[in-house]
Amino acid sequence: MSIASTNRLTPYLFLAPAGLVLAFALFYPICYMIYASFLDWNPSQRIGEADFVGLRNYFKLFGDDAFRESMGVTLKFAAVVVTIEMFLGVGLALLLDRNIRGMSVLRTLFILPMMIAPIVVGLMWRYMYHPTVGIFNKTLKSWGYEGIPWLSDGSWAFASVVIADVWQWTPFIFILSLAALQSLPSSALEASKIDGATGWQQIIYIKLPLMLPVLIVTLLLRLIDSFKVLEVILVMTNGGPGLSTEILSLRINRTASEFRELGEAAAMSNLLLIVLLILTFTMFIYNKAQEVRAARMRAAEEEA
Amino acid sequence: MSTQTYDRQNPAFYALLIALVVMAIGPIYLMLVTSLKLNVDIMSDSSSLLFMPTLRNYETALCDFLWYEPEHLRRCDPTFGRALTNSLIIGLVSTAITLVIGTMAAYALVRFRFMGRDVVSIWTLMMRMVPPAVLLVPVFGIWTFQFGIDGTRGGIILVYVALNLPFVIWILQSFIVQVPIQLEEAARMDGAGPFQVFFLVVLPLIKPGIAAASIFTFRVAWNEFLLANALADRNSRTVPVTIVNSLTEFDIDWGVIMATGMLLAIPPIIFTFVASRQIITGMTAGAVKG
């Protein structure tokens, strides 16, 4: 009896600590945030003292030009960054998928930018973009050109931030697509070679279609992460000049700590979370669909 | 490995490889070089290759830990030393806690069939997507007014454990699935209880997974800025927070700040070189099957 009851309890005992932490430190705060987004709340008040204002925070946000601009910057940043990184990452993977010495060293070096603290990445790039001591302008000046206002002009600042993110995250896509490439069935490639397919034909008709499931998941993962970027931009430009690089996470931080409007910041966090939830669900449903399809194909093979 | 043959490539290919490597590690190298320079050398227009490397910036940053007094310093500023201690404690403790309770949860999710397993899996996957910025407001409010643990290391550790758990559970699941169930059954036949099976049979078999998970966890705790900034007070600030704080001043001391940046970057760099294979496994798990 006692053995049977411990056995029945075991899974819950194993799950309990993680469940408790997640419930108190992750799930509860998120619910709290959803509630807080309906309050007029500043940091010196306890939440019970804040006034309930219904949807006012949301209406205020949609009427707020700065918020709309920040939303636009976020979407533009995510779209530009992910597009460039996908092209570069997949391209490099196709190019470097060869049997060469030192590939593992190369991969190790490529992970470095992702492992280093985003704060430090921002620091390095801010230094390199520096108008007088930075390497870019120093080089330009030594070649006799004018220096570029990397971080002090709106559109240049956006480009600079994009470049830094591309530097940091292209390796992620490169490594995932390389792994996908190397797990492709060699029979298909050999068959196409015998049929006389050129390198390009192999890429377009065989490699890319077979990699597609992985590429779509990679794209969604990267897209989700690109909405989380914060520290690099914070260090480089702090959202400026003007609002040209102020992505949503930065705006949340500023609304909470500078403008002291916790309710509004919570409303923004909510909107960001909804966007991310939609993306995550897309990914989840896509994964499930793939699994179902694979299972059906396996079943069909067994029947045949 | 020595018997493996490699294809010959044309020189342009190697040129491209070298260019890529330079691009990937150039900025890091530049940071290292700058951290070894005096401000006079950083500001000068002349070629950046000729300078006397000096450890002076590191001495300034770490003056708290030195057994001698660097002669160029009039007064030792303990901010960075304190932050480094905080970062180490917070990183190590939160990694340890996350791994212990994360592996247990992952094991339960994989091995025991009980109601709601699928639901839990979906939830962990969704929680993985929550960005720290979204947690900023509620965590600040709850930690300050309800739990009363703002400004303590414990408070920061709790956030990091919660933030990392979903990913750790998710990644360890894929490793635990591969442990043959026969092994566990054999151990149970020999009279081992569920906890013994877990600690003595399963844990040793999933060491690579644990290595990957601990690197990712430590990295998040070590690198995170936003939540630490909101929660920490003067005595519990972590390194990223002090770096950003020293940046807001107008006159940036590039040499010292690059030295602190380098110190913050060194642990992840070491992990990368020691365990790149595990890191790649962790990164590709889930997206690439097999």
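User: How many residue pairs are in polar contact across the interface of chain A and chain B?

Analyst: In this predicted model, 90 residues of chain A are in contact with 92 residues of chain B, and the two chains bury about 8,500 Å² between them, with 81% of it on carbon and sulfur atoms. The count of salt bridges between chain A and chain B is zero, while the number of residue pairs found in polar contact across the interface, both at pLDDT 80 or more, is seven.

User: Which helix of chain A gives the largest share of the side that touches chain B?

Analyst: On the side of chain A, the residues that lose the most area to chain B are A:Phe14, A:Met115 and A:Tyr127, together 10% of what that side buries. The largest share of that side, 20 residues, comes from residues 2-36, which form helix H1 of chain A.

User: Is B:Glu184 buried or exposed?

Analyst: B:Glu184 forms a salt bridge with B:Arg188 at 3.9 Å, N to O, and both lie in helix H8 of chain B, four residues apart. B:Arg188 is partly exposed, with a relative accessible area of 42%. B:Glu184, by contrast, has a relative accessible area of 1%, and since buried means under 20%, B:Glu184 is buried.

Key. Residues numbered from 1 in each chain as written. Chains lettered and ligands numbered in written order. Predicted model: local features only at pLDDT ≥ 70, side-chain atom pairs only at ≥ 80, totals over all residues. Heavy atoms only, no water. Contact = heavy atoms within 4.5 Å. Buried area = accessible area lost by both parts, 1.4 Å probe. Salt bridge = Lys/Arg side-chain N within 4 Å of Asp/Glu carboxyl O. Polar contact = N/O pair within 3.5 Å; in protein donor to acceptor, adjacent residues only side chain to side chain. Helix = DSSP H or I, 4+ residues; strand = E, 2+ residues; numbered from the N terminus. Buried < 20%, exposed > 50% of the residue type's maximum accessible area, 1.4 Å probe, protein only.
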